[in-house]
Amino acid sequence: MSDAPHPALLPTGMHDLLPPEAEVEAQVVARLMTTLATHGYERVQPPLVEFEETLFSGTGATMANATFRMMDPASHRIIGVRADMTPQIARIAATRLGDAPRPLRLSYAGQVLRVTGSEICPERQVGEVGAELIGAAGPMADVEAIAVAGEALTAVGVPYLSVDITLPTLVPAVAEAYGITGARAAVLRAALDHKDIAAVAAVAGEAGALFGNLLAAAGPASTTLAALDRLDLPERARTERMRLGAVLDRLSGVAPELKVTVDPVENRGFEYHTGISFTFFAGGVATHGAGDPAAPEPATGFTLYTDTILRTLPRAAVPRRLLLPLDADPARGRALREEGWVTVAALEAVGDWRAEAHRLGCDHILENGQPVMID
């Protein structure tokens, strides 16, 4: 018995993208990048691998455990395969584009590879499309990131779009004011992440009621803002509340059609972010997470995951495929392609052209210079 794997067997978390999904993904990436370009985001293309020292510098350290490493036979140094492109963009902005005028708007698209997947996203090779607004801080930068991401998702046809905004710095601000630090703060963070009100009350002590009210405040943006205004928040937490209000007020004017909710205590996925963060949803499916990464200079941006986006889209219409017999006029074929037809040229003579069209997945055949639908 042979131990050789079947030729189609792939490592866990890897898969082939076949027709027509591969073409749909390519079109989705192109449309996303076009939208980003129209807002002034210029494309950069970092390498697939880097030396681990640079790959894990700054915010890249958070991806160290998710990164494949190997020995570079040329330099004999350890290199890593990128698990996220955002730290690479930060490196490019700080080095190669360090003297470029700010704010700097950069976009990117490419594949990343991770050691393990997650329960929500078991894939280990993932397509990313994203943008970073570097050198700008404050509510206007947050609004631009949210609005541009929403416009890009709408442009590719993501249905039932909504955005959930979070404040990763709000809980630390309240905890600090009440002297909740170290291991106790970590236990509190876990209880809040699990929405466990009883556990929150047990660990938070005198701040238990306040944290319970913060948990209960999650909901539509206007409802959450009203709930936060009724709370006696510490000074630094009030500052975060004011920034949130400024973002929501401006966002309602820039993207009035966008459904917005707020969860003031959600933190999972935003552990290293230092400002307003957000996740887009499409009919309950998370399509995008973003925030304000702790970088050498102010920055905000977003990452869109193409595999998740594809799962939210309706099934793409199959393009019209037209079989061109051997005697077809090449000029006529060019004209039909300009009209939007997909043409498949015959490479040998057959007895039954309609049967051949069926075999090759064509729904039309060229007869007397005109496309004819076949049964």
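These exercises, each with a worked solution, concern the predicted model above.

Residues are numbered from 1 along each chain as its sequence is written, and side-chain values use heavy atoms, with hydrogens and water left out. Local features need pLDDT of at least 70 and side-chain atom pairs count only at pLDDT 80 or more, while totals for chains, interfaces and linings use all residues.

**Exercise 1. The whole chain**

Describe the chain by its elements, its box, its burial and its charges.

Solution. 
- Start with the elements. The chain has 13 helices and 16 strands. Both are DSSP runs, numbered from the N terminus: helices are H or I with at least four residues, strands E with at least two.
- Next, the box. Along the principal axes, the C-alpha atoms fill roughly 85 × 55 × 50 Å.
- Then burial. Of 375 residues, 46% count as buried. Buried means under 20% relative accessible area, exposed over 50%, partly exposed in between (1.4 Å probe, protein chains only).
- Last, charge. There are 31 positive and 46 negative side chains, and the centres of the two sets lie 2 Å apart. Lys and Arg count as positive, Asp and Glu as negative; His and the chain ends are not counted. Each charge is placed at NZ of Lys, CZ of Arg, CG of Asp or CD of Glu.

**Exercise 2. Helix α10**

Check the length of helix α10 (residues 235-254), then find what its buried residues pack against.

Solution. 
- The expected span is 1.5 Å times one less than the number of residues.
- The buried residues of α10 include Ala-237, Glu-240, Arg-241, Leu-244, Val-247, Leu-248 and Leu-251.
- An α-helix has 3.6 residues a turn, so residues three or four places apart point the same way.
- The buried residues of α10 pack against α4 (139-155), β7, α5 (170-177), α9 (221-229) and β9 (259-263).

**Exercise 3. Strands β7 and β10**

Which way do β7 and β10 run, and how many bridges join them?

Solution. 
- Two strands pair if DSSP finds at least two bridges between them.
- Here 6 bridges join β7 (residues 161-166) to β10, and the strands run antiparallel.
- Strand β10 (residues 277-282) has 5 of its 6 residues buried, so the rest of the structure largely encloses it.
- Ser-162 lies in β7. Its relative accessibility is 15%, so Ser-162 is buried.
- Beyond its neighbours within four places in sequence, Ser-162 is in contact (heavy atoms within 4.5 Å) with Leu-258, Lys-259, Thr-279, Phe-280 and Phe-281.

**Exercise 4. Strands around β4**

Find the strands joined to β4 (residues 78-81) by bridges.

Solution. 
- β2 (residues 49-51) is joined to β4 by 3 bridges, antiparallel. Val-49 stands opposite Val-81.
- β3 (residues 68-71) is joined to β4 by 4 bridges, also antiparallel. Met-70 has Ile-79 as its bridge partner.
- The hairpin of β3 and β4 has 6 residues between the strands, and His-76 takes a positive phi near 60 degrees there.

**Exercise 5. Leu-366**

Is Leu-366 buried or exposed?

Solution. 
- Leu-366 sits in strand β15 (residues 364-367).
- Its relative accessibility is 9%, so Leu-366 is buried.
- Arg-332 is 34 residues away in sequence and 9.7 Å away in space, C-alpha to C-alpha.
- Leaving aside neighbours within four places in sequence, the contacts of Leu-366 include Leu-322, Pro-325, Arg-332 and Pro-371.
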